[in-house]
Amino acid sequence: MKKLLIAFALTLLTSASAFAAGQAHTNVGCGLGTMLWENKADGSILFQVLQSTTNGTSGTQTFGITSGTSECQKPGKIAQNEKLNQFVRANIDNLAKDIAMGKGETLDTFVEMMGVPSTQSDAYKTKLQANFGKIFTSDKIVMAEVIDNVVTVTNN
């Protein structure tokens with residue numbers, strides 16, 4: 001085991017030159033560690049490891065991603081609406097049926113919860129119906145995938 005760790009460390013050190021300047025932020029992402037070791041990490045495995053471990057142990061990377069702080073960008077695909085999540089979780093079968101038909105009470109409620117203006121509601125329902133196969137990709141699909149797929153279809 002010790003030899004394996006030494007070999008891994010040597011591999012990391014010898015591959016350090018492969019990283020060009022500006023790669024540290026790409027390699028370790030955002031977070032407190034990235035901000036603390038910002039200008040020292042490029043070209044140095046040691047500082048990139050420090051960035052990564054600081055990000056991982058402090059939890060600031062997860063917080064930064066969800067809040068859009070610590071030089072992190074908040075992902076646009078994530079719908080952070082707990083009511084929407086609960087609604088889709090509880091009504092996933094009826095929602096699938098309504099989207100397939102392009103109408104229905106469950107779809108009306110879903111579209112409203114997605115924040116679609118009433119003037120665009122019919123066009124949005126038609127778009128969801130046309131992309132049913134992209135939203136419900138399998139019969140074992142879960143709530144989070146449905147919402148992510150709807151957001152992807154919406155943004156395309």
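In helix α8 (residues 121–130), the buried residues are Ser121, Tyr124, Lys125 and Leu128; buried means under 20% relative accessible area, exposed over 50% and partly exposed in between, with a 1.4 Å probe and protein chains only. Seen down the axis of α8, these buried residues fall within an arc of 100 degrees, so they line one face of the helix; the arc is taken from the directions from the helix axis to the C-beta atoms. The face turned away from the buried side of α8 carries the exposed residues Asp122, Ala123 and Ala130.

This is a predicted model, in which local features need pLDDT of at least 70 and side-chain atom pairs count only at pLDDT 80 or more, while totals for chains, interfaces and linings use all residues. Residues are numbered from 1 along each chain as its sequence is written, and side-chain values use heavy atoms, with hydrogens and water left out.

The cover over the buried residues of α8 includes α6 (82–101), α7 (105–113), α9 (132–135) and α10 (143–155). Among the buried residues of α6 are Leu84, Phe87, Asp98 and Ile99. α6 bends by about 80 degrees at asparagine 91, the bend being the angle between axes fitted to the seven residues ending there and the seven starting there. Glycine 102, with a positive phi near 80 degrees, follows α6.

α6 and α10 pack at an angle of about 90 degrees, their axes 9 Å apart. That makes α6 roughly perpendicular to α10, a term for angles of 65 to 115 degrees. Leu84, Asn85, Val88, Arg89, Ile92 and Leu95 in α6 meet Met143, Val146 and Ile147 in α10, with contact meaning heavy atoms within 4.5 Å.

Note on methods
Helices (H or I, at least four residues) and strands (E, at least two) are DSSP runs, numbered from the N terminus. Axes are lines fitted to C-alpha atoms, for helices over the stretch in contact, and angles run from 0 to 180 degrees between N-to-C directions. Angles under 35 degrees count as roughly parallel, over 145 as roughly antiparallel, 65 to 115 as roughly perpendicular and the rest as oblique.
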